[in-house]
Amino acid sequence: MTSPALSVEQQIKQLDDARKLVLSDANYYPQIIQGILPIVAPPARVELRRWVAEFLAETFASPSIALSQKETLSLIVLETLRALIENPSEDAAVVKSVVQTAASVYPLVFRWIINNPYDTLTWERMLAIKSRIFRIWDSAAPGVRICCIKFAQRVVLVQTKGPDSDPRRGDPLEVSLSMSLEAEASGLLDRMLAVFQENVSDAVLVDATLNSLSILIRARPHIANKILNVIMNFNPLKQANSPMTPKLRVMVKSMEKTTRSLLVHILKRDPQNPLGPRIQQYVERMMRSRADIFDEASRKRGPPEPTDGLDPAKRQKLGAQVVNAAPKFYVPPMTPGPHSIAELFTVTGDEALKAFDVSMLSENLVVKIGITILQRIDADTLNQAIDGIRQRYKSLGASQPELLNPETAPLGVDEDDDDYEPDFSTAETEEQILNKLDLISPEVEKVSAPNMALGHFTLPQPPPLTNSQAAEVGQGTVSRVFGVMQTLEEKIKKTKGGINRLAASSFDRDAWITILTRLATRTCTGLEGAEEEIKAEPSESEQQSLANMIRESLFLYILEDFRKRIDIAIAWLCEEWYNDKVQIKFSGNVVLHYEKWVLKIMDGMLPYLDASDRNVLVRFVSEIPGLSPEVLGRLKGLCRDPATVTIALTSLLFLTMQKPPAKKMVLGVVEEIWDTYEDARPFTLKLFAKYIPGLGERGKVEDDEKRTNGMEAIAA
């Protein structure tokens, strides 16, 4: 037994459930699309065809689907789109959604054909859809025509050459084009621009075309001048010369606003546009024309002459001063009864305006509105409104009844009734006595109110921070300081040094670096744990101190770009050397930092040096304040690599020439290089022959020994 057929409402409900499924998970799009395409067969109801067409338009416009998946799906739906749009009696809503889908599908199909030229059937289907859209462009309903304009814009965008850009960041839909396709796109662009050259009164089509052209101007700069010249020859206020009906007024305002918004956006996006001055003049001229047309239409005609009453003939007297009396501002009085403060200060009679909730507006907007009103309001009108509020307040105070004390208040008996003396009976007298006794209130004991004054309050002391918490807080502070420092630009013009120069006084990157280096070297002076002798390596507890955190951050910051930040490294190491010397002078039991960090910087920097970094290395080793055998040993290690032996020996030569106290130690390292690295001997002999006596003879002797040993080996 077959199941009964579902109604249209039930089918649409099931389709809506399928839509919710794909919106939650885009992986179901292929299955859903293949399942709904048979629904739009010719016998299908128009409601189902509308739903399927709208779903296809949403699918190919969705950003949640990858381009590759959209390209595959576009090949599946082409035949269905062709069948729907070629039906001459098709519903307008269906055609509109089909054209929207075609606009999204065209670049995908175009790229597919470029990569797969053998698939002629797919291209024929796309051409059939394309030609059908262009045939119904001028005769379809307004909504369909807007979609046709969007489709034409996509065709022009695809079939014109884009700007030359980096292929790694380019549009994935950019393709190589032939001359015939570009010619077709040029003709299609002319057809879009024809709406500005013809006497078209449909503001919807003009606005749709302007919105489509904005994308072409941005994405295709080589056709932007052509589009802008046509737009600036278009006058959206031209139809304002005819009798102004409400409909025509709205249409002219819409076209003018859209045109002006487009041109202003172009000026903001590209201030250096060659057509910028012309666009600015066009916008200003259009704004003046708009003000003349619409403001003049709403302006009332004034009297031909001011009748000031000074001239008996009521003629204009040029010498007389005409005083324009301020309009009478009427503040309605308050009605009897209780009123709120808002009602007291409300002077408008518009009920809709009274019901408006001002609390919905932001505080900044309310301040701007208030300032604008106070700047533009007439002083006499403001004074009249204040007087009206003052009269309201006085009347409100006068209308309030006086509060009576029930113990001293009169009984409300008129004086005329004082002579009335009724006859008193025994029962009445007893009743009166009982009433009087009831009126007498019992004595109430006075209750003293407790003292509600606030006493002295002191916040409790916060709990002490542990070492780990203090280290964590310090690390966060250092990270924020480095974050601020990295956002600042490097100072191009260096300030001249001198005795009156103050460190960290310019609030630039160099100032922050000075602050950080001195925080690392001077803030914890005398706080490190003292040992029995001078230590070159700090203990584990010292490694967690704030100063060492700053040192680690400075070390990483320098190694990120040591070629540009070598001056920071030198300044920091000078501070470390100075701090070590001062501490040794006052106390022998201190922790030394200079030697440790100069070696760490060299170990991090030397592996990345090449032959072009000679100046960097020479500057570093010559400007650091202290040289040790370990530092010179790092330079000696560079001689292992033939690529860096030149910069190592050049640095040692500079130290020999410019630092006489270290000359003996440097020449000792040079002799070690001579003995250890034979490949470095020719360049060593060239640079240090005059500084090391007998170095040339030693080289000749060693060469002769090698030659003799070689001859003996050959003879043997």
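This is a predicted model: local features need pLDDT of at least 70, side-chain atom pairs count only at pLDDT 80 or more; totals for chains, interfaces and linings use all residues.
Let me start with a pair of helices: helix 2, residues 29-36, packs against helix 4, residues 67-85, at an angle of about 10°, and their axes are 11 Å apart. Helices here are DSSP runs of H or I with at least four residues, strands are runs of E with at least two, and both are numbered from the N terminus. The axes are lines fitted to C-alpha atoms, for helices over the stretch in contact, and the angle runs from 0 to 180 degrees between N-to-C directions. Helix 2 and helix 4 are therefore roughly parallel to each other, a term that covers angles under 35 degrees.

Residues are numbered from 1 along each chain as its sequence is written, and side-chain values use heavy atoms, with hydrogens and water left out.

Back to that pair. Tyr29, Pro30, Ile33 and Gln34 from helix 2 meet Gln69, Leu73, Ile76 and Val77 from helix 4, where contact means heavy atoms within 4.5 Å.

Now the chain as a whole. It contains 29 helices and zero strands, and 35% of its 716 residues count as buried, which is to say under 20% relative accessible area with a 1.4 Å probe, protein chains only. Among contacts between residues at least 6 apart in sequence, 68% join residues at least 24 apart.

Finally, a loop residue: is Leu638 buried or exposed? Leu638 sits in the loop between helix 25 (629-637) and helix 26 (645-658), and at 8% relative accessibility it counts as buried. Leaving aside neighbours within four places in sequence, Leu638 is in contact with Leu606, Leu617, Thr644, Val645 and Ala648. The C-alpha atoms of Leu638 and Leu609 are separated by 9.3 Å, although these residues are 29 apart along the chain.

Technical notes
Angles under 35 degrees count as roughly parallel, over 145 as roughly antiparallel, 65 to 115 as roughly perpendicular and the rest as oblique. Buried means under 20% relative accessible area, exposed over 50%, partly exposed in between (1.4 Å probe, protein chains only).
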